[in-house]
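Look at the sequence and the fold side by side before reading on. The text below is meant to be followed with the structure open.

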Amino acid sequence: MGRDSFMADSVKKSARQRLLIVGLACVDFINVAGHYPEEDTDQRLLDQRISRGGNATNTSVIVAQLGSPVEWLGTVAKDKLADVIIEDLSGTGVLHDHVCYHDNCKTPVSCVIISAQSGSRTILHANKTLPELDVSDFSRLDLENYSWIHFEGRNQTKVEQMIKRIEEFNERRQLLGLETITVSIEAEKPKAISREFLSRGDYVFISKEYSHSLGQSSAEECLKHLQTSGLLKRGARAICAWGEKGAWGLEENGTTVHSKAFPPIRVVDTLGAGDTFNGGVLHALSIGKSLEEALKLGCQVAGQKVGQNGFLINIGALDSHLLHAS
């Protein structure tokens with residue numbers, strides 16, 4: 001599917017309830033080296049490129065390609081580098097109606113080193129001046145437009161207030177017998193969010209790094225710990241991806257489901273693999289697929305991503321029944 005198709009589809013999607021993804025956008029300066037450099041050495045790069053980056057926008061472009069109406073919400077600097085972000089979102093059909101622009105700021109930048117030898121990625125990130133999204137920015141949204149809101153695990157204090165507004169909105173909807181907004185959160189970096197924050201999501205995405213911070217050495221152990229520790233709110237579900245071992249999910253009734261990984265022939269670029277997995281899962285869940293089916297789609301798109309550069313997905317290589325509502 002080309003970019004022109006994404007643009008045409010986005011017009012149709014805008015009339016339906018959206019999946020909103022809240023979080024960071026930045027610009028990635030990607031350096032592809034033959035191998036990871038040793039300190040104080042010179043090395044000629046195999047490739048170098050500039051692209052849109054950031055967990056939330058990575059996930060958004062995957063969701064859009066899979067067919068869900070999706071909007072990204074975050075902050076953007078009013079500088080030329082920000083054009084890289086906005087042009088890419090527009091080209092892939094990601095709505096960005098409510099982004100918050102800031103004067104006298106610089107676009108956050110990540111310097112990425114990709115090892116062609118191993119496919120590993122090392123990220124050096126800098127945000128000198130751009131503020132995080134404020135609660136007042138979020139409050140201007142008409143929540144009637146959204147069926148699902150996903151928060152990248154950052155900016156915790158303000159995000160908690162945003163979720164509180166959603167909870168109040170949901171309470172009013174329940175009284176009227178109307179559908180409520182599903183809230184999902186991502187727990188990737190232990191320093192970014194507290195354990196207590198996990199209880200704010202209907203769905204919680206737990207990274208391998210965050211699992212280790214909980215003292216767990218496998219996805220299964222992590223989900224069992226979450227089930228028995230009281231860290232999740234009642235009825236919440238949890239998702240934990242574990243690289244080449246696939247991904248596990250904790251159902252509302254306490255049972256676990258699993259999807260195997262779908263590795264490429266050769267690992268090319270692991271940058272954004274977790275964000276890609278999240279996008280596949282969010283799309284599938286938002287159209288009513290089971291948690292097990294959602295894990296499978298997430299693993300399929302993540303496997304495809306690590307076998308290539310960039311985030312354009314080959315839709316035809318995915319199981320078609322996972323892409324559409326039953």
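This is a predicted model: local features need pLDDT of at least 70, side-chain atom pairs count only at pLDDT 80 or more; totals for chains, interfaces and linings use all residues.

Residues are numbered from 1 along each chain as its sequence is written, and side-chain values use heavy atoms, with hydrogens and water left out.

Begin with helix α9, residues 291-306. Helices (H or I, at least four residues) and strands (E, at least two) are DSSP runs, numbered from the N terminus. Helix α9 has 16 residues and spans 23 Å from its first C-alpha to its last, close to the expected 22 Å at 1.5 Å a residue. The expected span of a helix is 1.5 Å times one less than its number of residues. In α9, 13 of the 16 residues are buried, so the helix is largely enclosed by the rest of the structure. Here buried means under 20% relative accessible area, exposed means over 50%, and partly exposed lies in between (1.4 Å probe, protein chains only).

Helix α8 covers residues 273-286. Its 14 residues reach 20 Å from the first C-alpha to the last, close to the 20 Å expected at 1.5 Å a residue. Because 12 of these 14 residues are buried, α8 is largely enclosed by the rest of the structure. Among the buried residues of α8 are A273, D275, F277 and L285. After α8 comes G288, whose phi is positive, near 95 degrees.

Next come the cores. In soluble globular proteins, nonpolar side chains tend to be buried together. A nonpolar core is a set of buried Ala, Val, Leu, Ile, Met, Phe, Trp, Tyr and Cys residues joined through side-chain atoms within 4.5 Å. The largest such core has 43 residues, and those touching the most other members are L66, W72, I239, F277, L285, L297 and L318. At least two residues of this core come from each of β1 (18-22), α2 (55-66), β4 (70-73), α3 (82-91), β11 (203-206), α8 and α9. Helix α9 gives the largest share, seven residues. Apart from this core lies another, of 39 residues, among them A219, L223, L226 and C240.

What is L318 in contact with, leaving aside its neighbours within four places in sequence? The residues are L66, L297, Q300, V301, Q304, I313 and L323. Contact means heavy atoms within 4.5 Å.

Now turn to the spaces. On a 1 Å grid over the protein atoms alone, a cavity is a set of points where a 1.4 Å probe fits but cannot get out, and a pocket is an open set with protein on both sides within 12 Å along at least five of seven lines; lining residues have an atom within 4 Å of a point. Grid points are joined across faces, edges and corners, and a volume is the space filled by probe spheres set on the points.

The largest pocket has a volume of about 1400 Å³. Its lining has 46 residues, and R121, E188, A273, G274 and D275 lie nearest its centre. Helix α8 supplies the largest share of this lining, five residues. The lining divides into 20 nonpolar, 15 polar and 11 charged residues. In this division Ala, Val, Leu, Ile, Met, Phe, Trp, Tyr, Cys and Pro count as nonpolar, Asp, Glu, Lys and Arg as charged, and the others, Gly among them, as polar.

There is one cavity of 30 Å³ or more. The largest cavity holds about 120 Å³ of space. It is lined by 15 residues, of which G23, L24, E132, L133 and R154 are the closest to its centre.

Some single residues remain. D40 sits in the loop between β2 and β3, and its phi is positive, near 65 degrees, in a residue other than glycine. At 78% relative accessibility, D40 counts as exposed. N155, in the loop between β9 and α5, also has a positive phi, near 55 degrees, but N155 is buried, with a relative accessible area of 18%.

N58 is in helix α2 and is buried, with a relative accessible area of 4%. Not counting residues up to four places away in sequence, N58 touches R52, G53, G272, D275 and F311. V84, in helix α3, is partly exposed at 25%.
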